[in-house]
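Student: I would like to learn how to read a protein model feature by feature. Could we go slowly, with the general idea before each case?

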Amino acid sequence: MLDDTVFALASAVGPAERAIVRLTGPEAFSVLGRCLEHAVPRERGVHPITVSAAAGSLSGFALAMPGPRSFTGEDCVELHVPGAPALTRLLTGRLANCARLATPGEFTRRAFENGRLGLDRAEALRCLIDSQSEEDADRALAVLHTGLGESVDELRQRLLAVRALVEASLDFEDEETGGVADHEWQPDLESILADLDRLSAQVPRISGGGDLLLVGEANAGKSSLCNALAGRDEVLATPIPGTTRDLVPVELEGGVRLLDAPGDLRSAVGVDDEALERRRDLSRSARAMIWVIDPEPYESGGRPSIPSEDLPLAAIVLTRADRVADPALRTRLTGESPGCPLFVVSSVRGDGIEALRDALPALSRGGDAGMGPAFESSGREVGATQALLGDSGTLLREALNGLESGEPPELLSARLGDVLGRLAEIEGRHSPEDLLDRIFGSFCLGK
């Protein structure tokens, strides 16, 4: 749903001089009128705001950006307030009563859907956020400022002209003079391929880091683990199985983000089944999964079933070490998942929490966290734009090789059509919905 009003904390988690909370949607200004002491005028500019708290009122300011002249193309407001975690929790708690918490990348997704930026520029923004060097930032800024649309469109027009010549030759017999000889347009294809390779080299690379999805049976201790790692109560944790029914992002220091997900229930029906389906839909952007297991049901033998997500396994976490210590289960799990690090933790006492927290940055990048071989890359380091340009180059090389080996012009025309299709997807207008979900879901919350 992209037509409602959403909000999210857009600055880093933790104490700071300033915290930024971002809203976008048709009711952005009216929502603020119900959550602040005074309404924010629907006028572009900087406006003072006051947030009431138990001990008094705190001042801040709002950047008002009415649509369509905003990043998202909708009414958009940024609240800048003192960066006390208690204040930001108070403010976001009030907003949650009037608006929906944004999903990862939803602000950028709305900008894309409203025609404010194309897929290439959206990915450049992601690269800029994740850039680790000045060179990475420069390449991302170059695409963000100019986009690839003009260059890609020029390549498509040249390729369309060549394909028109190829298809024209299909209407003539070999002895007729209406066709155009291969040597007339083959250099054009070679020139297009060279320019395509140059354009591909300019595209910034997506950072290797990514979200870590917590999976496992319901009531295995995933939400309590999130809270222990964050050092604060980020998600609701109760002894009742099935409490978590949505994908809840929890941002940790060091740029790591966990996704607390609904647990597997033995008989999921109704809303529980819908929660698991939503988990499958939204978790595709994650880098890898962490399998969280409550060892108590398996003390006498047996092994829990690994969740069915199509994600690499980054680590196994045995919870409740304060109550259960079963070395036999640890042996079984490590024997069946060689090289996968295993952590034994207690969210109550804090056992093993610091070691797991220290390992998470490396795990989110696909590293080995110093405990064994890294899990296999899922290929998410290459963005969709890079992949589409790469596919286009591969298909064009195949077309040229086919031409050299005497393939019929009908096949050549079909290959060129495939290249044109890949290039058309770079602006994202014809991209599959699951691809868009995967791209924008890889953004941080509030971006």
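Tutor: Let us begin with a pair of facing residues: L63 stands opposite E78 in β5. Before going on, please note that this is a predicted model, in which local features need pLDDT of at least 70 and side-chain atom pairs count only at pLDDT 80 or more, while totals for chains, interfaces and linings use all residues. Residues are numbered from 1 along each chain as its sequence is written, and side-chain values use heavy atoms, with hydrogens and water left out.

Student: In what sense do β4 and β5 run, and how many bridges join them?

Tutor: In general, strands of a sheet pair through backbone hydrogen bonds, either parallel or antiparallel. Strands, like helices, are DSSP runs numbered from the N terminus (E, at least two residues, for strands; H or I, at least four, for helices), and two strands pair if DSSP finds at least two bridges between them. Here β4 and β5 run antiparallel and are joined by five bridges. On the other pairing of β4, strand β3 (residues 45–53) is antiparallel to β4 over nine bridges, and there V46 has L63 as its bridge partner.

Student: Which peptide bond is cis, and where does its proline lie?

Tutor: Most residues other than glycine have a negative phi, and most peptide bonds are trans. In this model a cis peptide bond joins G67 and P68, with omega about 5°, and P68 belongs to the loop between β4 (56–65) and β5 (76–83).

Student: What is the strand order of the open sheet of six strands?

Tutor: The order is β8-β9-β7-β10-β11-β12, and the pairing is mixed. At the edges are β8 and β12 (342–344), each of which pairs on one side only. The twist from one strand to the next averages 25°, where axes are lines fitted to C-alpha atoms, for helices over the stretch in contact, and angles run from 0 to 180 degrees between N-to-C directions. Within this sheet, β7 and β10 pair in the parallel sense over four bridges, and V215 stands opposite W291 in β10.

Student: Why is helix α8 described as largely enclosed?

Tutor: A residue is called buried under 20% relative accessible area, exposed over 50% and partly exposed in between, using a 1.4 Å probe and protein chains only. Eight of the nine residues of α8 (residues 222–230) are buried, so the helix is largely enclosed by the rest of the structure. Among its buried residues are L225, C226 and L229. Helix α8 lies across β7, β8, β9, β10 and β11, running at about 160° to β9, where contact means heavy atoms within 4.5 Å. Just after α8, G231 takes a positive phi of about 75°.

Student: Which residues of the largest nonpolar core touch the most other members?

Tutor: In soluble globular proteins, nonpolar side chains tend to be buried together. A nonpolar core is a set of buried Ala, Val, Leu, Ile, Met, Phe, Trp, Tyr and Cys residues joined through side-chain atoms within 4.5 Å. In the largest one, of 30 residues, L159, L189, L389, L396, L416 and L423 touch the most other members. Its largest share, seven residues, comes from α12.

Student: Is S200 buried or exposed?

Tutor: S200 is buried, because its relative accessible area is 13%. This residue is in helix α7 (residues 182–202), and S200 touches Q386 and L389, not counting residues up to four places away in sequence.
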